[in-house]
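Please read the numbered points alongside the sequence and the model.

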Amino acid sequence: MLAVNYTALRENMKKYMDCVTDDYETIIITRKNNKNVVMISEETYNNLMENIHVLGNKANYDWLMESKAQLTDGRFAIHELEEESTDE
């Protein structure tokens, strides 16, 4: 996580945006006499929203934890995938 003031961000916007998107960095933009702002990539934001959705619903959370327990306990099966012919 990086912290940068508003002026430095404005002067080096491309550099910081590339850092966020290419290096998955989170940047805190500090502002004098104002509340700070956090910059994250769209991909990171979408992942956060998906996690909130999945973990925010008790049924989804319980299903996920049960699946994790099954995997940990060795209760899973491996299947070979077969390619389907596209001949018509």
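1. A contact here means heavy atoms within 4.5 Å. Among contacts in the protein between residues at least 6 apart in sequence, 26% join residues at least 24 apart.

2. On provenance, this is a predicted model, in which local features need pLDDT of at least 70 and side-chain atom pairs count only at pLDDT 80 or more, while totals for chains, interfaces and linings use all residues. Residues are numbered from 1 along each chain as its sequence is written, and side-chain values use heavy atoms, with hydrogens and water left out.

3. As to overall dimensions, the radius of gyration of the protein is 22 Å, whereas a compact globule of 88 residues would have one near 12 Å. That radius is taken over C-alpha atoms, and the globule rule is 2.2 Å times the number of residues to the power 0.38. The C-alpha trace spans about 60 × 40 × 25 Å along its principal axes.

4. Buried residues account for 10% of the 88 residues; buried means under 20% relative accessible area, exposed over 50%, and partly exposed in between, with a 1.4 Å probe and protein chains only. The accessible surface of the protein comes to about 7900 Å², and 52% of that surface belongs to carbon and sulfur atoms. Accessible areas come from the Shrake-Rupley method with a 1.4 Å probe, and for residues only the protein chains shown count as cover.

5. The secondary structure consists of four helices and three strands, in the order β-α-α-β-β-α-α from the N terminus. Helices (H or I, at least four residues) and strands (E, at least two) are DSSP runs, numbered from the N terminus.

6. The three strands form an open sheet in the order β1-β2-β3, with mixed pairing. Because β1 (2-5) and β3 (37-39) stand at the edges with a single partner strand each, one side of each has no neighbour in the sheet. From one strand to the next, the twist averages 30°. Two strands pair if DSSP finds at least two bridges between them.

7. Strands β1 and β2 run parallel and are joined by four bridges, with V4 opposite I29 in β2. Strand β2 (residues 27-30) runs antiparallel to β3, and three bridges join the two; here I27 stands opposite M39 in β3. The hairpin of β2 and β3 has six residues between the strands, and N33 takes a positive phi near 65° in it.

8. Helix α3 (residues 42-56) packs against helix α4 (residues 58-72) at an angle of about 90°, with the axes 5 Å apart. The two helices are therefore roughly perpendicular, a term for angles of 65 to 115 degrees. Axes are lines fitted to C-alpha atoms, for helices over the stretch in contact, and angles run from 0 to 180 degrees between N-to-C directions. H53, V54, L55 and G56 in α3 meet K58, N60, Y61 and L64 in α4.

9. S67 lies in helix α4 and counts as partly exposed because its relative accessibility is 28%. S67 and H53 are 14 residues apart in sequence and 17 Å apart in space, C-alpha to C-alpha.

Technical notes:
Angles under 35 degrees count as roughly parallel, over 145 as roughly antiparallel, 65 to 115 as roughly perpendicular and the rest as oblique.
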